Amino acid sequence: MLMQLMNVSKRFGETEVFHRINMNVEQGSIVSLVGPSGCGKSTLLRSIAGLSSFTDGQLLIQGEDMTTVKAEHRPVVLMFQQPLLFPHFTILENITYGLKYGKDKVKKDERIRRGMALLEKVDLEAYADRYPNQLSGGQQQRVSLARALILNPALILLDEPFSSLDPELRVSIRTWVRDFLKQEGVTALFVTHDREEAMVMGDQVAVMKGGTFQQIGVPEEVYRNPENREVAEMFSEGIFLHGGFIPAGDVQMEKEHDQRTNDPAVLEGGRVKYAMMKYGLQFYFVDLPDIRQSIVLHDDRTFYDGDRVVLVRKKGRVTDA
Ligand SMILES: Nc1ncnc2c1ncn2[C@@H]1O[C@H](COP(=O)(O)OP(=O)(O)OP(=O)(O)O)[C@@H](O)[C@H]1O
Ligand SMILES: [Mg+2]
């Protein structure tokens, strides 16, 4: 196991951000961490990196107890939302900074050799002598990644690294980063607010809420079988009814007056809030006030905002929920 969190807790004064949480991260795997704003994702990353400390519990990296080891002696790097490059240093100088001033000072030729090798890997060797403001946002994030990896960390922590990029660039850079981390065999813990991004990036996804992990698992599994309503709301599409999860793909809506309400197929009543288009398909956002949930459903038929509808199971579908 590359990293193990064993019953770690974090308190700021009286407030406990998370309580006795556990996680195992395998060598070479990428774990996506999702959860509502303020649930403690950044605090967890900072504590793993050693920029903050756990109040309780133990952190092991490659089997070694790192709980009280200083940040600079942990084999961990933390990458932020903003690339945070030094504006008056060239790209090559930015990347090799850690080798020059880090704990084991590396000679100049060797610094340049290693810096150029990494720049080549992130496809920016032609930019070695440029300054950060002469690079695009995506290129700067690639530089920032190269800088993080030059010290060969065992673990890289990424705190919403793409959220300052525009949506299109974000989609292309995340697959690039995933492939890159996989190629290099780097283990990563990756925070995002974006469910799709969490699914694309992570071998595993950890859903954090209320000071604990609600569920940790393979993304598709968590998506299909959320363990509780919190997970379903954050990570899945569907509704919780009578204690069971019904995926959105198993239900459709009908206009309320077209459907006998005593029909056993009827699951719940709702109201269309608005329509939206995605990937050329029409979707409806439907409020379900009685169970205080909502659902997004694809439907080719026309519904209007405010239409009263009922959710019914799709014909030919049998689920055990
Ligand atoms: N230095 C601090 N002192 C006191 N409270 C703090 C400190 N840092 C964070 N907190 C609190 O801890 C909680 C978790 O914060 P954190 O930044 O980890 O959340 P997050 O999950 O990263 O949120 P976001 O998704 O918005 O980035 C918040 O309630 C925050 O106010
Ligand atoms: Mg945060």
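This is a predicted model: local features need pLDDT of at least 70, side-chain atom pairs count only at pLDDT 80 or more; totals for chains, interfaces and linings use all residues.

Q: What's the phi of asparagine 7 near?

A: Asparagine 7 has a phi near 50°, a positive value in a residue other than glycine. Most residues other than glycine have a negative phi.

Q: And how covered is asparagine 7: buried, exposed or partly exposed?

A: Asparagine 7 counts as partly exposed, because its relative accessibility is 30%.

Q: Which other residue has a positive phi although it is not a glycine?

A: Histidine 242 has one, about 50°. Histidine 242 sits in the loop between β11 (238-241) and β12 (244-247). Its relative accessibility is 80%, so histidine 242 counts as exposed.

Q: Ok, new topic. What surrounds ligand 1?

A: The residues around ligand 1 are Phe12, Val17, Pro36, Ser37, Gly38, Cys39, Gly40, Lys41, Ser42, Thr43, Glu160 and His193. By type, that shell divides into four nonpolar, six polar and two charged residues. Helix α1 (residues 41-49) supplies the largest share of the shell, three residues.

Q: How much of ligand 1 does the protein bury?

A: Taken alone, ligand 1 exposes 630 Å², and the protein buries 54% of that.

Q: Val17 was in that shell. Where is valine 17 found?

A: Valine 17 is in strand β2, residues 15-25. Its relative accessible area is 18%, and buried means under 20%, so valine 17 is buried.

Q: What does valine 17 touch?

A: Not counting residues up to four places away in sequence, valine 17 touches Lys10, Arg11, Phe12, Cys39, Gly40 and Gly211. Of these, Phe12, Cys39 and Gly40 are also in the shell around ligand 1.

Q: And how are valine 17 and isoleucine 239 separated?

A: Their C-alpha atoms are separated by 28 Å, with valine 17 and isoleucine 239 being 222 residues apart along the chain.

Q: Back to helix α1. How many of its residues are buried?

A: Seven of the nine residues in α1 are buried, so α1 is mostly covered, given that buried means under 20% relative accessible area. The buried ones are Lys41, Thr43, Leu44, Leu45, Ser47, Ile48 and Ala49.

Q: Why does serine 47 count as buried?

A: Serine 47 counts as buried because its relative accessibility is 1%. Not counting residues up to four places away in sequence, serine 47 touches Lys10, Ser52, Ser53, Phe54 and Arg74.

Q: What comes just after α1?

A: Glycine 50 does, and it takes a positive phi of about 95°.

Q: Now the inside. How many residues does the largest nonpolar core have?

A: That core has 33 residues, and those with the most contacts inside it are Leu119, Leu145, Ile156, Leu158 and Leu181. Elements giving two or more residues to it include α2 (91-101), α3 (108-121) and β7 (155-159). The most comes from α4, with five residues.

Q: What does leucine 181 touch?

A: Leaving out residues up to four places away in sequence, leucine 181 touches Ile30, Ile156, Leu158, Val186 and Ala188.

Q: Last one: is aspartate 299 buried or exposed?

A: Aspartate 299 is buried, because its relative accessible area is 8%. It is found in the loop between β16 (293-298) and β17 (308-313). The side chains of aspartate 299 and arginine 301 are joined by a polar contact of 2.9 Å. Aspartate 299 also touches Met253, Gln282 and Tyr284, not counting residues up to four places away in sequence.

Note on methods:
Residues are numbered from 1 along each chain as its sequence is written. Chains are lettered from A and ligands numbered from 1 in the order in which they are written. Side-chain values use heavy atoms; hydrogens and water are left out. A residue is near a molecule or strand if one of its heavy atoms lies within 4 Å of it. Accessible areas come from the Shrake-Rupley method with a 1.4 Å probe; for residues, only the protein chains shown count as cover. Helices (H or I, at least four residues) and strands (E, at least two) are DSSP runs, numbered from the N terminus. Ala, Val, Leu, Ile, Met, Phe, Trp, Tyr, Cys and Pro count as nonpolar, Asp, Glu, Lys and Arg as charged, and the others, Gly among them, as polar. A nonpolar core is a set of buried Ala, Val, Leu, Ile, Met, Phe, Trp, Tyr and Cys residues joined through side-chain atoms within 4.5 Å. Buried means under 20% relative accessible area, exposed over 50%, partly exposed in between (1.4 Å probe, protein chains only). Contact means heavy atoms within 4.5 Å. A polar contact is a pair of N or O atoms within 3.5 Å; within protein, one must be able to donate a hydrogen and the other to accept it, and residues adjacent in sequence count only if both atoms are side-chain atoms.
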